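Reader: I have a model open on my screen and would like to talk through it with you. Could we start with the aromatic side chains and then move on to the chain contact?

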Amino acid sequence: MRIELVKRPQHSKLFSALSPFLAFGLTIVAGAVLFALLGKNPATTLYYYFIDPLTEVWSLHELAIKAAPLILIAVGLSVCFLSNNWNIGAEGQFLMGAVAGSMLPVLFPEFQFWIVLPLMLLMGMAGGAAYAAIPAFLKVRFNTNEILTSLMLVYVAQLFLDWLVRGPWRNPAGFNFPETRNFHSYAILPEILPDSGRAHWGFVFALVAALLVWFLLSKTLKGFEVKVLGQSPRAGRFAGFSAGRMVIFAFLVSGALAGLAGISEVSGAIGQLRPSFSPGYGFTAIIVAFLGRLNPLGIVAAGLVLALTYLGGEAAQISVGLSDKVVRAFQGMILFFVLACDTMIHYQIRFVRPQAAGAGETSHV
Amino acid sequence: MFEAIVITIATAATPLLIAAMGELVVERSGVLNLGVEGMMIMGAVTGFGVALTTGSPWLGVFAAILVGALFSLLFAFLTLTLVTNQVATGLALTLLGLGLSGMIGEGFVGLPGVKMGTLYIPFLTDLPYVGRLVFGQDPIFYISIMLTAGVAYFLFYTKAGLTLRSVGDNHGSAHALGIRVIAIRYLAVMFGGACAGLAGAYLALVYVPQWVEGMSAGRGWIALALVVFASWRPWRVLAGAYLFGAVTIGQLHAQALGWPIPSQLLSALPYLATIVVLVLISRNRRLTMVNTPASLGRPFVPDR
């Protein structure tokens, strides 16, 4: 049997909407098989993984905490990916945003005033954007592949953070633990509903960013420019759009949002810098961006789903003893299924038996 | 002393060389597989696990090659049969490989591994200065050199190699000539997967005979950069791999000397060097334009 693709005259609206759900369904099935192979009861494990975390209020707050950075980063990445700029170093921009934003409470702990927090958020965005500007500049100026440079900078950022918190920024009163001093109260991003749970304003930032970028992409000329340059750079040039400026724009937007995610995570959820405070949000956000079909509103939903995989992983670890290593394998599978299902948007898939194909050809004659 | 340093450089360079050589063939066929890191780490965990349970490093190596090739089939099926975006699919392969290997290898953490022995030929290995260098290294080192020569010969001196390059340079014309573009690309991708698997096994059986989650530490990505650095030429990949091996070993020695430089900065050197080298190579647009396979990363759907 052979698989044959037939190009659709127009992309299928039905499958555009359906493919993320189909992909998620397939992931659930694959997950059930995986759990069974690991010797767990698939039904119970799936329940603890995907349903149980949604049944308690505090747990919904945790979901929002984990979804916030994923959505913020992925929304920025959608601008990059739509304009055909492959920024895969968001993890590094996330870390550098956190570092830049933490400068105030760590280096000037006596400076306690309401202005500290807004400044921290701005500095976080600036830090992420500046770090993203490096691969963008190298791409525009020297034609250097942005995939490889942005990724290499992730390792550099991780080492830089490691050096900071073990060296110059280490808490003087912290018994030599590799962490900075705890942020003072003016440097803490407050909770949205302090009475019911921990979720901080980072989640609101994520929703606002998604709305803004959605507006930018679908209602403004700049958004049109993003898509034209992404789909056909030649057509973009004829329209007078500058590909180079688009590279810088896309990287700065996604870097700033990743940086905002970084400083929100540190000042909202953790309260200090540590050597490895990110469970790979910058990479998981790539999956979020594709599961959300590069649409900021879809990304909000996708971010919640991927946040659930983190949370469900923890829940399943406690309740059925599932290894927490399953989480990342699971997330990788989601992306595979998303990409495979997206094929059906542009192509009709036909299964052809070699003989039947031969018979079909003769009937044409 | 000098001999010992060169041998450690070879040990650091060999996994890069093998993985990059596989990716070079893949890219010469017009496919960009960013999943090298994922295939490599799958090879590492397989090689380590099989060698540990059977006690034979060679069985580990074969299993790693097999798993690398099978794992790359996932990528091939998506990008070649379902025509998905190659960049995104390659990333997916890397993320899945890192996740799966962490899951598979959970029970291996902290266990002492099996180390592959080095060659010993009486008299020859004992020769002063060059004996251990030429006749006393691990077997995979020799395989990596033969692999380089083999790929160079295959690509530029055989008909099959010419066919593969034609598929990479212009898949439309190749298809029109009756060449089975997709079939050739499947084989190329699987060869790349096998090489990445072998490179991973080398990490876990020779370089550091133990399992650490994420132990490939970006080497798959450096291998990808090496292919660009080498402008898709096999012998230049060898030169690049040894250059990176030298940077890696150099920074390790510098750390051991206890210079007043943060160890993190030294550890970052191979990654920074990758960026610098990529900039130096890519700023010469003509050089890269001439050598880049023209169909690299482009989707191909045959019109029947």
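Reader: Are B:Y153 and B:Y157 buried or exposed?
Author: Both B:Y153 and B:Y157 are exposed, where exposed means over 50% relative accessible area, buried under 20% and partly exposed in between, with a 1.4 Å probe and protein chains only. This is a predicted model, in which local features need pLDDT of at least 70, side-chain atom pairs count only at pLDDT 80 or more, and totals for chains, interfaces and linings use all residues. Residues are numbered from 1 along each chain as its sequence is written, chains are lettered from A and ligands numbered from 1 in the order in which they are written, and side-chain values use heavy atoms, leaving out hydrogens and water.

Reader: Where do B:Y153 and B:Y157 lie?
Author: Both are in helix α6 (residues 139-157) of chain B, four residues apart, about one turn of the helix; helices here are DSSP runs of H or I with at least four residues, strands are runs of E with at least two, and both are numbered from the N terminus.

Reader: Changing topic, how many residues does each chain bring to the contact?
Author: Chain B brings 47 residues and chain A brings 45 residues, with contact meaning heavy atoms within 4.5 Å.

Reader: And how many salt bridges cross the interface of chain B and chain A?
Author: The rule finds two, counting a side-chain nitrogen of Lys or Arg within 4 Å of a carboxyl oxygen of Asp or Glu. A salt bridge joins the side chains of B:E213 and A:R328, at 3.9 Å from N to O.

Reader: Back to aromatics, which residues cluster with A:F24?
Author: A:F24 forms one aromatic cluster with A:F35, A:Y49, A:F50 and A:F330, where rings of Phe, Tyr and Trp (its six-membered ring) pair if their centres lie within 6.5 Å, and planes under 30 degrees apart count as stacked, over 60 as edge-to-face and the rest as tilted.
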